[in-house]
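Visitor: I would like to go through this model and ask what stands behind each label. Please show it first.

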Amino acid sequence: MWNEKEKKEITNLIAHLREAVKIASGLSLSVNLSEEKVLMLNDNGTVLRQIDISCDSAYGVLADVMKNVLK
């Protein structure tokens, strides 16, 4: 589990990344820290992928999300 600083970093990263991903691919991102997942959603809010971010640093979250966006 993450400390408060890491949670804030991950939440901020996803907030900024959400905008870029939405512009580039039309997909939305949502972070669920309690389940340690980032959800990738289409325009209707349907979950397309659940990205496991457990034990990731902010950099690891970025890498995992980008790897899944580019699939």
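Visitor: Which residue in the hairpin of E1 and E2 takes a positive phi?

Guide: The model is a predicted one. In that hairpin, Glu-36 has a positive phi near 55 degrees, and four residues lie between the strands.

Visitor: What makes E1 and E3 edge strands?

Guide: The sheet is open, with three strands in the order E1-E2-E3 and antiparallel pairing. E1 and E3 each have a single partner strand, so one side of each has no neighbour in the sheet. From one strand to the next, the twist averages 20 degrees.

Visitor: Which strands do the helices touch where they pack on the sheet?

Guide: H1 touches E1 and E2, and its direction makes about 165 degrees with that of E1. H2 touches E1, E2 and E3, and its direction makes about 150 degrees with that of E3.

Visitor: Why is Asp-56 said to have no salt bridge?

Guide: A salt bridge needs a side-chain nitrogen of Lys or Arg within 4 Å of a carboxyl oxygen of Asp or Glu. For Asp-56, the nearest side chain of opposite charge is Lys-67, 8.0 Å away. That value lies beyond the cut-off, so no salt bridge is assigned to Asp-56.

Visitor: Is Asp-56 buried or exposed?

Guide: Asp-56 is buried, which means that its relative accessible area is under 20%. Asp-56 is located in the loop between strand E3 (47–52) and helix H2 (58–69). Leaving aside neighbours within four places in sequence, Asp-56 contacts Trp-2, Ile-10, Val-61 and Asp-64.

Visitor: Which residues of the largest nonpolar core touch the most other members?

Guide: That core has 15 residues, and Leu-29, Val-38, Ile-53, Val-61 and Val-65 touch the most other members. Helix H1 (4–25), E2 and H2 are the elements that give two or more residues to this core. H1 gives the most, with four residues.

Visitor: What is Ile-53 in contact with, leaving aside its neighbours within four places in sequence?

Guide: The contacts of Ile-53 are Trp-2, Ile-10, Val-31, Leu-33, Glu-36, Lys-37, Val-38 and Val-61. Glu-36, in this list, is the hairpin residue with the positive phi.

Definitions and conventions:
Residues are numbered from 1 along each chain as its sequence is written. This is a predicted model: local features need pLDDT of at least 70, side-chain atom pairs count only at pLDDT 80 or more; totals for chains, interfaces and linings use all residues. Side-chain values use heavy atoms; hydrogens and water are left out. Two strands pair if DSSP finds at least two bridges between them. Buried means under 20% relative accessible area, exposed over 50%, partly exposed in between (1.4 Å probe, protein chains only). Lys and Arg count as positive and Asp and Glu as negative; His and the chain ends are not counted. Contact means heavy atoms within 4.5 Å. A nonpolar core is a set of buried Ala, Val, Leu, Ile, Met, Phe, Trp, Tyr and Cys residues joined through side-chain atoms within 4.5 Å. Axes are lines fitted to C-alpha atoms, for helices over the stretch in contact, and angles run from 0 to 180 degrees between N-to-C directions.
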